[in-house]
Amino acid sequence: MFSVAKNFCIAVSLVFAIGATLSADSVIREIRWDDLARPLQQILEAHGLSGPTFTAYIGSVRERNQKRVREGELDHLVYYTLQSASFTSLPAIEPALSAKAFIDRRSIPPDVAARVDALLKAIDGGDPSPRLSYFREIAARAYPDRATRRSSILGEYARAMRFLYDKEFVAAADADAAAATGLLYQQRGLSTDTSVEAGYLVDLELATLRELEPRCRIREVLIVGPGLDVAPRTGLVESGEPQSYQPFAVIDSLLGRGLADRATLHVTAADINAHVVDWVRGSRGTRPHLMLVSGVRETDRVRFTDDYRSYFERLGRSIGVEAARTAAPGHLAKTIDLSAGITDAVDAATLDAVVDRLDRKFDLVVVTNVFPYLTDADLSLALANIALMLAPDGILLHNEPRPLAAAAGRAAGLSPIHSRSAIVATVEGGRSPLYDAIWMFRAR
Ligand SMILES: C[S@@+](CC[C@H](N)C(=O)[O-])C[C@H]1O[C@@H](n2cnc3c(N)ncnc32)[C@H](O)[C@@H]1O
(Lines give C-alpha, C1' and ligand atoms only; values in the text may rest on other atoms or scores of the structure.)
Protein backbone atom coordinates (compact mmCIF):
# COMPACT_ATOMS: atom_id res chain seq x y z
CA MET A 1 0.00 0.00 0.00
CA PHE A 2 1.23 3.49 -0.84
CA SER A 3 0.82 6.59 1.27
CA VAL A 4 -2.27 8.74 0.79
CA ALA A 5 -2.52 12.49 0.57
CA LYS A 6 -5.22 13.85 2.86
CA ASN A 7 -8.48 15.08 1.40
CA PHE A 8 -7.36 14.51 -2.17
CA CYS A 9 -10.84 14.01 -3.48
CA ILE A 10 -12.72 16.89 -1.94
CA ALA A 11 -12.08 19.53 -4.58
CA VAL A 12 -12.78 17.15 -7.43
CA SER A 13 -15.52 18.07 -9.78
CA LEU A 14 -16.82 21.29 -8.36
CA VAL A 15 -16.17 22.70 -11.80
CA PHE A 16 -18.29 19.94 -13.30
CA ALA A 17 -21.41 20.27 -11.21
CA ILE A 18 -23.44 20.46 -14.43
CA GLY A 19 -21.77 17.28 -15.69
CA ALA A 20 -25.01 15.35 -15.99
CA THR A 21 -26.08 17.58 -18.85
CA LEU A 22 -22.83 17.39 -20.82
CA SER A 23 -22.73 15.32 -23.98
CA ALA A 24 -20.11 12.76 -24.90
CA ASP A 25 -20.01 14.37 -28.34
CA SER A 26 -17.47 16.78 -26.91
CA VAL A 27 -14.34 17.55 -28.85
CA ILE A 28 -11.88 14.73 -29.47
CA ARG A 29 -8.21 15.70 -29.59
CA GLU A 30 -5.41 13.69 -31.16
CA ILE A 31 -2.36 13.42 -28.95
CA ARG A 32 0.70 15.48 -29.97
CA TRP A 33 4.33 15.09 -28.95
CA ASP A 34 4.15 18.44 -27.18
CA ASP A 35 1.29 17.18 -24.98
CA LEU A 36 3.68 14.72 -23.35
CA ALA A 37 5.67 15.50 -20.25
CA ARG A 38 9.43 15.14 -20.79
CA PRO A 39 9.70 11.92 -18.67
CA LEU A 40 7.05 10.30 -20.84
CA GLN A 41 8.79 11.45 -24.03
CA GLN A 42 11.91 9.73 -22.68
CA ILE A 43 10.03 6.47 -22.19
CA LEU A 44 8.72 6.71 -25.74
CA GLU A 45 12.16 7.58 -27.13
CA ALA A 46 13.41 4.34 -25.60
CA HIS A 47 10.79 2.63 -27.81
CA GLY A 48 12.02 4.42 -30.93
CA LEU A 49 9.50 7.28 -31.04
CA SER A 50 10.48 10.92 -31.48
CA GLY A 51 8.96 14.32 -32.14
CA PRO A 52 9.54 14.35 -35.93
CA THR A 53 8.10 10.86 -36.48
CA PHE A 54 5.31 11.09 -33.89
CA THR A 55 2.40 12.13 -36.16
CA ALA A 56 3.19 9.37 -38.63
CA TYR A 57 3.37 6.87 -35.76
CA ILE A 58 -0.04 7.97 -34.43
CA GLY A 59 -1.52 7.57 -37.93
CA SER A 60 -0.16 4.04 -38.20
CA VAL A 61 -1.49 3.07 -34.75
CA ARG A 62 -4.93 4.42 -35.64
CA GLU A 63 -5.01 2.36 -38.84
CA ARG A 64 -3.69 -0.79 -37.17
CA ASN A 65 -6.20 -0.55 -34.31
CA GLN A 66 -9.11 -0.20 -36.74
CA LYS A 67 -7.94 -3.40 -38.44
CA ARG A 68 -7.74 -5.05 -35.01
CA VAL A 69 -11.32 -3.99 -34.22
CA ARG A 70 -12.51 -5.81 -37.37
CA GLU A 71 -10.39 -8.87 -36.55
CA GLY A 72 -11.72 -8.94 -32.99
CA GLU A 73 -15.31 -8.93 -34.25
CA LEU A 74 -14.55 -11.75 -36.65
CA ASP A 75 -12.90 -13.71 -33.81
CA HIS A 76 -16.22 -13.45 -31.96
CA LEU A 77 -18.04 -14.59 -35.10
CA VAL A 78 -15.81 -17.68 -35.17
CA TYR A 79 -16.35 -18.43 -31.45
CA TYR A 80 -20.10 -18.01 -31.92
CA THR A 81 -20.04 -20.32 -34.93
CA LEU A 82 -18.24 -23.02 -32.94
CA GLN A 83 -20.29 -22.84 -29.74
CA SER A 84 -23.81 -21.51 -30.34
CA ALA A 85 -26.80 -23.78 -29.82
CA SER A 86 -29.20 -21.20 -31.25
CA PHE A 87 -28.82 -21.80 -34.99
CA THR A 88 -27.98 -25.51 -35.18
CA SER A 89 -28.37 -28.78 -33.31
CA LEU A 90 -24.85 -29.86 -34.33
CA PRO A 91 -22.69 -30.51 -31.24
CA ALA A 92 -20.87 -27.46 -29.90
CA ILE A 93 -17.11 -27.40 -30.53
CA GLU A 94 -14.70 -26.30 -27.79
CA PRO A 95 -12.50 -23.68 -29.52
CA ALA A 96 -9.17 -24.71 -27.93
CA LEU A 97 -9.73 -28.35 -28.97
CA SER A 98 -10.67 -27.19 -32.44
CA ALA A 99 -7.47 -25.12 -32.63
CA LYS A 100 -5.43 -28.23 -31.82
CA ALA A 101 -7.33 -30.34 -34.35
CA PHE A 102 -6.83 -27.65 -37.02
CA ILE A 103 -3.08 -27.34 -36.43
CA ASP A 104 -2.56 -31.12 -36.18
CA ARG A 105 -4.42 -31.94 -39.41
CA ARG A 106 -3.43 -28.71 -41.26
CA SER A 107 -6.89 -28.34 -42.70
CA ILE A 108 -10.38 -27.25 -41.66
CA PRO A 109 -11.99 -30.02 -39.56
CA PRO A 110 -15.27 -31.28 -41.11
CA ASP A 111 -17.29 -30.48 -37.95
CA VAL A 112 -16.23 -26.84 -38.32
CA ALA A 113 -17.17 -26.67 -42.00
CA ALA A 114 -20.59 -28.13 -41.11
CA ARG A 115 -21.17 -25.45 -38.48
CA VAL A 116 -20.08 -22.66 -40.84
CA ASP A 117 -22.61 -23.95 -43.38
CA ALA A 118 -25.32 -23.98 -40.69
CA LEU A 119 -24.43 -20.43 -39.67
CA LEU A 120 -24.59 -19.16 -43.25
CA LYS A 121 -28.00 -20.77 -43.70
CA ALA A 122 -29.24 -19.14 -40.50
CA ILE A 123 -27.78 -15.77 -41.55
CA ASP A 124 -29.66 -16.00 -44.85
CA GLY A 125 -32.87 -16.92 -42.98
CA GLY A 126 -34.98 -14.42 -41.12
CA ASP A 127 -34.25 -15.45 -37.50
CA PRO A 128 -34.39 -12.13 -35.62
CA SER A 129 -32.66 -13.34 -32.42
CA PRO A 130 -30.35 -10.57 -31.19
CA ARG A 131 -27.01 -12.41 -31.28
CA LEU A 132 -27.62 -13.91 -34.70
CA SER A 133 -28.71 -10.50 -36.00
CA TYR A 134 -25.51 -9.01 -34.60
CA PHE A 135 -23.37 -11.53 -36.48
CA ARG A 136 -25.53 -11.26 -39.63
CA GLU A 137 -24.58 -7.58 -39.73
CA ILE A 138 -20.87 -8.29 -39.03
CA ALA A 139 -20.73 -10.92 -41.78
CA ALA A 140 -22.58 -8.74 -44.30
CA ARG A 141 -20.30 -5.78 -43.65
CA ALA A 142 -17.06 -7.78 -43.70
CA TYR A 143 -18.06 -9.86 -46.73
CA PRO A 144 -20.66 -8.09 -48.84
CA ASP A 145 -20.10 -10.63 -51.63
CA ARG A 146 -22.14 -13.67 -50.52
CA ALA A 147 -20.36 -15.90 -53.03
CA THR A 148 -17.06 -15.66 -51.13
CA ARG A 149 -18.51 -15.44 -47.60
CA ARG A 150 -18.01 -19.12 -46.77
CA SER A 151 -14.33 -19.23 -47.76
CA SER A 152 -13.74 -15.89 -45.99
CA ILE A 153 -15.24 -17.14 -42.72
CA LEU A 154 -13.18 -20.33 -42.96
CA GLY A 155 -10.14 -18.08 -43.45
CA GLU A 156 -11.05 -16.19 -40.28
CA TYR A 157 -11.45 -19.51 -38.48
CA ALA A 158 -7.89 -20.45 -39.52
CA ARG A 159 -6.53 -17.08 -38.31
CA ALA A 160 -8.39 -17.25 -34.99
CA MET A 161 -7.31 -20.85 -34.38
CA ARG A 162 -3.62 -20.10 -35.05
CA PHE A 163 -3.77 -17.42 -32.36
CA LEU A 164 -5.61 -19.70 -29.95
CA TYR A 165 -3.16 -22.56 -30.54
CA ASP A 166 -0.20 -20.22 -29.94
CA LYS A 167 -1.85 -18.99 -26.74
CA GLU A 168 -3.10 -22.27 -25.27
CA PHE A 169 -0.36 -24.66 -26.39
CA VAL A 170 2.77 -22.65 -27.28
CA ALA A 171 2.80 -19.63 -24.95
CA ALA A 172 1.31 -21.66 -22.09
CA ALA A 173 4.30 -24.05 -22.28
CA ASP A 174 6.86 -21.20 -22.35
CA ALA A 175 9.14 -20.81 -19.31
CA ASP A 176 7.70 -17.30 -18.96
CA ALA A 177 4.13 -18.08 -19.99
CA ALA A 178 2.73 -14.73 -18.80
CA ALA A 179 5.19 -12.73 -20.91
CA ALA A 180 4.69 -14.96 -23.97
CA THR A 181 0.89 -14.66 -23.69
CA GLY A 182 1.22 -10.91 -23.13
CA LEU A 183 3.10 -10.47 -26.41
CA LEU A 184 0.40 -12.40 -28.29
CA TYR A 185 -2.32 -10.14 -26.85
CA GLN A 186 -0.51 -7.04 -28.07
CA GLN A 187 -0.95 -8.22 -31.67
CA ARG A 188 -4.35 -9.93 -31.67
CA GLY A 189 -7.76 -8.61 -32.69
CA LEU A 190 -9.48 -6.39 -30.16
CA SER A 191 -11.96 -8.56 -28.29
CA THR A 192 -15.03 -6.95 -26.75
CA ASP A 193 -15.31 -9.70 -24.12
CA THR A 194 -16.47 -8.40 -20.79
CA SER A 195 -16.86 -10.10 -17.46
CA VAL A 196 -18.61 -9.44 -14.17
CA GLU A 197 -15.35 -10.39 -12.43
CA ALA A 198 -13.69 -7.11 -13.51
CA GLY A 199 -16.34 -5.22 -11.54
CA TYR A 200 -15.46 -7.11 -8.35
CA LEU A 201 -12.00 -5.58 -8.08
CA VAL A 202 -13.31 -2.14 -9.08
CA ASP A 203 -15.91 -2.41 -6.32
CA LEU A 204 -13.31 -3.42 -3.73
CA GLU A 205 -11.04 -0.55 -4.73
CA LEU A 206 -13.89 1.95 -4.58
CA ALA A 207 -14.58 0.71 -1.04
CA THR A 208 -10.93 1.47 -0.25
CA LEU A 209 -11.26 4.94 -1.77
CA ARG A 210 -14.28 5.58 0.42
CA GLU A 211 -12.33 4.48 3.51
CA LEU A 212 -9.33 6.61 2.60
CA GLU A 213 -11.42 9.65 1.80
CA PRO A 214 -14.96 9.51 3.30
CA ARG A 215 -15.90 12.93 1.91
CA CYS A 216 -14.93 12.07 -1.67
CA ARG A 217 -17.74 12.61 -4.20
CA ILE A 218 -17.51 11.33 -7.77
CA ARG A 219 -19.59 12.98 -10.48
CA GLU A 220 -17.93 12.58 -13.85
CA VAL A 221 -16.75 9.05 -14.69
CA LEU A 222 -15.02 7.76 -17.81
CA ILE A 223 -14.95 4.05 -18.59
CA VAL A 224 -12.41 3.24 -21.27
CA GLY A 225 -13.32 0.06 -23.17
CA PRO A 226 -16.51 -1.10 -21.39
CA GLY A 227 -16.86 -4.00 -23.85
CA LEU A 228 -19.88 -5.95 -25.10
CA ASP A 229 -20.82 -9.44 -24.02
CA VAL A 230 -21.08 -11.07 -27.47
CA ALA A 231 -19.41 -14.48 -27.76
CA PRO A 232 -16.44 -15.28 -25.53
CA ARG A 233 -13.64 -17.67 -26.41
CA THR A 234 -15.22 -20.34 -24.26
CA GLY A 235 -18.35 -20.83 -22.14
CA LEU A 236 -20.79 -18.95 -24.40
CA VAL A 237 -24.02 -18.16 -22.55
CA GLU A 238 -26.65 -17.03 -25.03
CA SER A 239 -29.38 -15.59 -22.88
CA GLY A 240 -30.60 -12.22 -24.11
CA GLU A 241 -29.00 -9.64 -26.37
CA PRO A 242 -25.30 -8.66 -26.40
CA GLN A 243 -24.96 -6.00 -23.69
CA SER A 244 -22.41 -3.64 -22.18
CA TYR A 245 -22.85 -3.91 -18.43
CA GLN A 246 -19.65 -2.38 -17.02
CA PRO A 247 -21.07 1.19 -16.97
CA PHE A 248 -23.98 -0.03 -14.83
CA ALA A 249 -21.79 -2.15 -12.55
CA VAL A 250 -19.61 0.91 -11.90
CA ILE A 251 -22.66 3.09 -11.16
CA ASP A 252 -23.93 0.37 -8.82
CA SER A 253 -20.62 0.32 -6.92
CA LEU A 254 -20.34 4.11 -6.73
CA LEU A 255 -23.88 4.44 -5.35
CA GLY A 256 -23.58 1.39 -3.11
CA ARG A 257 -20.27 2.57 -1.65
CA GLY A 258 -21.64 6.05 -1.00
CA LEU A 259 -19.22 7.77 -3.36
CA ALA A 260 -21.80 9.30 -5.70
CA ASP A 261 -25.35 10.60 -5.82
CA ARG A 262 -27.76 9.53 -8.51
CA ALA A 263 -28.77 13.09 -9.30
CA THR A 264 -25.27 14.24 -10.21
CA LEU A 265 -23.50 11.09 -11.42
CA HIS A 266 -22.66 10.95 -15.12
CA VAL A 267 -20.77 8.14 -16.85
CA THR A 268 -19.14 8.28 -20.27
CA ALA A 269 -18.40 4.95 -21.93
CA ALA A 270 -15.60 5.39 -24.49
CA ASP A 271 -14.76 2.50 -26.74
CA ILE A 272 -12.89 2.06 -30.00
CA ASN A 273 -15.60 -0.33 -31.18
CA ALA A 274 -18.68 1.39 -32.62
CA HIS A 275 -20.91 -1.59 -31.72
CA VAL A 276 -20.18 -1.03 -28.03
CA VAL A 277 -20.89 2.68 -28.34
CA ASP A 278 -24.09 2.06 -30.34
CA TRP A 279 -25.43 -0.29 -27.68
CA VAL A 280 -24.78 2.15 -24.84
CA ARG A 281 -26.30 5.04 -26.79
CA GLY A 282 -29.28 2.91 -27.81
CA SER A 283 -29.96 1.99 -24.19
CA ARG A 284 -30.51 5.61 -23.17
CA GLY A 285 -34.11 6.25 -22.27
CA THR A 286 -34.82 2.51 -22.01
CA ARG A 287 -34.80 0.09 -19.07
CA PRO A 288 -32.85 -2.96 -20.27
CA HIS A 289 -32.90 -6.21 -18.33
CA LEU A 290 -29.21 -6.56 -17.48
CA MET A 291 -28.17 -10.18 -17.82
CA LEU A 292 -25.28 -10.70 -15.42
CA VAL A 293 -23.37 -13.97 -15.72
CA SER A 294 -19.99 -14.76 -14.17
CA GLY A 295 -17.27 -15.53 -16.70
CA VAL A 296 -15.97 -18.22 -14.36
CA ARG A 297 -17.92 -21.46 -14.08
CA GLU A 298 -17.94 -23.46 -10.87
CA THR A 299 -17.00 -27.14 -11.16
CA ASP A 300 -16.04 -29.80 -8.64
CA ARG A 301 -12.51 -28.29 -8.67
CA VAL A 302 -13.30 -24.58 -9.15
CA ARG A 303 -15.04 -22.88 -6.20
CA PHE A 304 -16.08 -19.24 -5.91
CA THR A 305 -14.84 -17.47 -2.78
CA ASP A 306 -17.44 -16.26 -0.28
CA ASP A 307 -16.33 -12.65 -0.90
CA TYR A 308 -16.88 -12.92 -4.64
CA ARG A 309 -20.27 -14.57 -4.10
CA SER A 310 -21.25 -11.77 -1.78
CA TYR A 311 -20.20 -9.15 -4.42
CA PHE A 312 -22.36 -10.95 -6.97
CA GLU A 313 -25.29 -11.07 -4.52
CA ARG A 314 -25.03 -7.27 -3.97
CA LEU A 315 -24.43 -6.44 -7.63
CA GLY A 316 -27.29 -4.40 -9.07
CA ARG A 317 -29.09 -3.53 -5.82
CA SER A 318 -28.35 0.20 -6.15
CA ILE A 319 -29.49 0.43 -9.77
CA GLY A 320 -32.51 -1.85 -10.02
CA VAL A 321 -34.28 -4.94 -8.80
CA GLU A 322 -33.49 -8.56 -9.38
CA ALA A 323 -36.05 -9.91 -11.81
CA ALA A 324 -35.18 -13.55 -12.27
CA ARG A 325 -32.34 -15.98 -12.10
CA THR A 326 -30.83 -16.58 -15.53
CA ALA A 327 -30.18 -20.23 -16.37
CA ALA A 328 -26.43 -20.72 -16.80
CA PRO A 329 -25.37 -23.94 -15.06
CA GLY A 330 -22.23 -23.54 -12.92
CA HIS A 331 -22.13 -19.77 -13.41
CA LEU A 332 -23.38 -17.13 -11.01
CA ALA A 333 -26.21 -15.53 -12.95
CA LYS A 334 -29.05 -13.09 -12.47
CA THR A 335 -31.12 -10.51 -14.28
CA ILE A 336 -31.47 -6.94 -13.05
CA ASP A 337 -34.34 -4.71 -14.16
CA LEU A 338 -32.72 -1.28 -14.21
CA SER A 339 -34.54 1.51 -12.38
CA ALA A 340 -36.03 4.32 -14.45
CA GLY A 341 -33.47 6.97 -15.42
CA ILE A 342 -30.31 4.91 -14.82
CA THR A 343 -29.47 4.62 -18.51
CA ASP A 344 -29.80 8.39 -18.90
CA ALA A 345 -26.77 8.80 -16.63
CA VAL A 346 -24.63 7.08 -19.27
CA ASP A 347 -23.54 8.24 -22.68
CA ALA A 348 -20.91 7.01 -25.04
CA ALA A 349 -18.12 8.13 -27.35
CA THR A 350 -16.16 6.31 -30.04
CA LEU A 351 -12.53 6.78 -29.11
CA ASP A 352 -9.15 5.10 -29.61
CA ALA A 353 -7.62 5.90 -26.23
CA VAL A 354 -4.08 5.36 -27.53
CA VAL A 355 -4.25 8.23 -29.98
CA ASP A 356 -7.19 10.39 -28.86
CA ARG A 357 -8.73 11.93 -25.78
CA LEU A 358 -11.97 13.70 -24.97
CA ASP A 359 -11.49 17.37 -24.28
CA ARG A 360 -13.13 17.02 -20.86
CA LYS A 361 -12.11 16.25 -17.30
CA PHE A 362 -13.23 13.29 -15.19
CA ASP A 363 -13.15 12.57 -11.46
CA LEU A 364 -12.72 8.84 -12.04
CA VAL A 365 -11.42 6.80 -14.98
CA VAL A 366 -11.90 3.01 -14.97
CA VAL A 367 -9.95 0.82 -17.39
CA THR A 368 -10.11 -2.96 -17.01
CA ASN A 369 -8.84 -5.59 -19.43
CA VAL A 370 -7.97 -3.06 -22.14
CA PHE A 371 -4.25 -2.37 -21.53
CA PRO A 372 -3.13 -5.99 -22.20
CA TYR A 373 -3.93 -5.34 -25.88
CA LEU A 374 -1.43 -2.46 -26.05
CA THR A 375 2.30 -2.54 -26.76
CA ASP A 376 4.55 -0.82 -24.23
CA ALA A 377 4.67 2.37 -26.32
CA ASP A 378 0.89 2.40 -26.81
CA LEU A 379 0.24 1.70 -23.13
CA SER A 380 2.37 4.76 -22.31
CA LEU A 381 0.38 6.87 -24.78
CA ALA A 382 -2.96 5.66 -23.40
CA LEU A 383 -1.83 6.60 -19.89
CA ALA A 384 -0.81 10.04 -21.16
CA ASN A 385 -4.27 10.55 -22.71
CA ILE A 386 -5.98 9.37 -19.52
CA ALA A 387 -3.84 11.65 -17.34
CA LEU A 388 -4.87 14.56 -19.59
CA MET A 389 -8.55 13.66 -19.06
CA LEU A 390 -8.33 13.50 -15.25
CA ALA A 391 -9.44 16.46 -13.15
CA PRO A 392 -6.92 17.61 -10.54
CA ASP A 393 -6.86 14.89 -7.86
CA GLY A 394 -8.93 12.62 -10.13
CA ILE A 395 -8.60 8.86 -9.70
CA LEU A 396 -7.57 6.17 -12.21
CA LEU A 397 -8.37 2.50 -11.55
CA HIS A 398 -6.82 -0.12 -13.84
CA ASN A 399 -5.85 -3.78 -13.66
CA GLU A 400 -2.69 -3.86 -15.81
CA PRO A 401 0.12 -5.72 -14.02
CA ARG A 402 3.06 -4.61 -16.27
CA PRO A 403 5.49 -2.54 -14.16
CA LEU A 404 5.58 -0.11 -17.09
CA ALA A 405 2.01 0.93 -16.23
CA ALA A 406 3.28 2.38 -12.94
CA ALA A 407 6.38 3.95 -14.51
CA ALA A 408 4.52 5.52 -17.44
CA GLY A 409 1.69 6.57 -15.12
CA ARG A 410 4.18 8.43 -12.92
CA ALA A 411 5.81 10.00 -15.99
CA ALA A 412 2.36 11.17 -17.12
CA GLY A 413 1.68 12.85 -13.76
CA LEU A 414 -0.16 10.09 -11.85
CA SER A 415 0.77 9.09 -8.30
CA PRO A 416 0.23 5.52 -7.09
CA ILE A 417 -2.17 5.41 -4.14
CA HIS A 418 -3.06 1.81 -3.50
CA SER A 419 -3.18 -1.63 -5.07
CA ARG A 420 -4.60 -4.99 -4.11
CA SER A 421 -5.55 -8.37 -5.45
CA ALA A 422 -8.53 -10.58 -4.69
CA ILE A 423 -9.35 -14.21 -5.32
CA VAL A 424 -12.44 -14.92 -7.38
CA ALA A 425 -12.29 -18.71 -7.16
CA THR A 426 -10.03 -21.41 -5.77
CA VAL A 427 -8.82 -24.19 -8.07
CA GLU A 428 -8.20 -27.53 -6.46
CA GLY A 429 -4.91 -28.96 -7.75
CA GLY A 430 -4.28 -25.83 -9.84
CA ARG A 431 -1.06 -23.81 -9.84
CA SER A 432 -2.87 -20.78 -8.41
CA PRO A 433 -6.39 -19.59 -7.63
CA LEU A 434 -8.27 -17.39 -10.12
CA TYR A 435 -7.56 -13.86 -9.02
CA ASP A 436 -7.28 -10.32 -10.33
CA ALA A 437 -5.46 -7.21 -9.12
CA ILE A 438 -6.21 -3.51 -9.32
CA TRP A 439 -4.18 -0.30 -9.05
CA MET A 440 -5.34 3.14 -7.94
CA PHE A 441 -3.60 6.32 -9.13
CA ARG A 442 -4.31 9.97 -8.43
CA ALA A 443 -3.69 12.86 -10.82
CA ARG A 444 -1.17 15.30 -9.40
C1 LIG B 1 -11.59 -7.23 -23.40
S2 LIG B 1 -12.74 -5.90 -23.44
C3 LIG B 1 -12.87 -5.47 -21.70
C4 LIG B 1 -14.27 -5.03 -21.32
C5 LIG B 1 -14.44 -4.55 -19.88
N6 LIG B 1 -13.63 -3.39 -19.62
C7 LIG B 1 -14.12 -5.63 -18.88
O8 LIG B 1 -13.14 -5.55 -18.18
O9 LIG B 1 -14.88 -6.61 -18.81
C10 LIG B 1 -11.74 -4.59 -24.09
C11 LIG B 1 -12.57 -3.41 -24.56
O12 LIG B 1 -11.69 -2.32 -24.81
C13 LIG B 1 -11.93 -1.78 -26.09
N14 LIG B 1 -10.65 -1.22 -26.57
C15 LIG B 1 -9.55 -1.90 -26.96
N16 LIG B 1 -8.58 -1.05 -27.33
C17 LIG B 1 -9.08 0.19 -27.16
C18 LIG B 1 -8.56 1.49 -27.39
N19 LIG B 1 -7.32 1.67 -27.89
N20 LIG B 1 -9.34 2.55 -27.11
C21 LIG B 1 -10.61 2.37 -26.62
N22 LIG B 1 -11.14 1.17 -26.41
C23 LIG B 1 -10.39 0.09 -26.67
C24 LIG B 1 -12.45 -2.94 -26.91
O25 LIG B 1 -13.21 -2.52 -28.02
C26 LIG B 1 -13.30 -3.67 -25.88
O27 LIG B 1 -14.60 -3.17 -25.83
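The largest cavity of this predicted model is lined by Thr194, Ser195, Val196, Ala198, Gly199, Tyr245, Gln246, Ala249 and Tyr311. A cavity is here a set of points, on a 1 Å grid over the protein atoms alone, where a 1.4 Å probe fits but cannot get out, and lining residues have an atom within 4 Å of a point. The structure holds one cavity of 30 Å³ or more, and the space in the largest cavity amounts to about 50 Å³, where volume is the space filled by probe spheres set on the points, joined across faces, edges and corners. Helix H8 (196–212) and helix H9 (246–256) each contribute at least two lining residues, and H8 gives the largest share, three residues. Helices (H or I, at least four residues) and strands (E, at least two) are DSSP runs numbered from the N terminus.

Residues are numbered from 1 along each chain as its sequence is written. Local features need pLDDT of at least 70 and side-chain atom pairs count only at pLDDT 80 or more, whereas totals for chains, interfaces and linings use all residues; side-chain values use heavy atoms, with hydrogens and water left out.

The ligand is surrounded by 23 residues (a heavy atom within 4 Å), the closest being Thr194, Gly225, Gln246, Asp271 and Thr368. By class, this shell has ten nonpolar, ten polar and three charged residues. Taken alone, the ligand exposes 600 Å², of which the protein buries 98% (Shrake-Rupley method, 1.4 Å probe).

Strand E12 (residues 414–427) pairs antiparallel with strand E5 (residues 302–304) through three bridges, pairing requiring at least two DSSP bridges. Phe304 stands opposite Ala425 of E12. Ten bridges join E12 to strand E13 (residues 434–443), also antiparallel, and Ser419 has Trp439 in E13 as its bridge partner. E12 and E13 form a hairpin with six residues between them, and Gly429 in the turn has a positive phi of about 80°.

Notes
Ala, Val, Leu, Ile, Met, Phe, Trp, Tyr, Cys and Pro count as nonpolar, Asp, Glu, Lys and Arg as charged, and the others, Gly among them, as polar. On a 1 Å grid over the protein atoms alone, a cavity is a set of points where a 1.4 Å probe fits but cannot get out, and a pocket is an open set with protein on both sides within 12 Å along at least five of seven lines; lining residues have an atom within 4 Å of a point.
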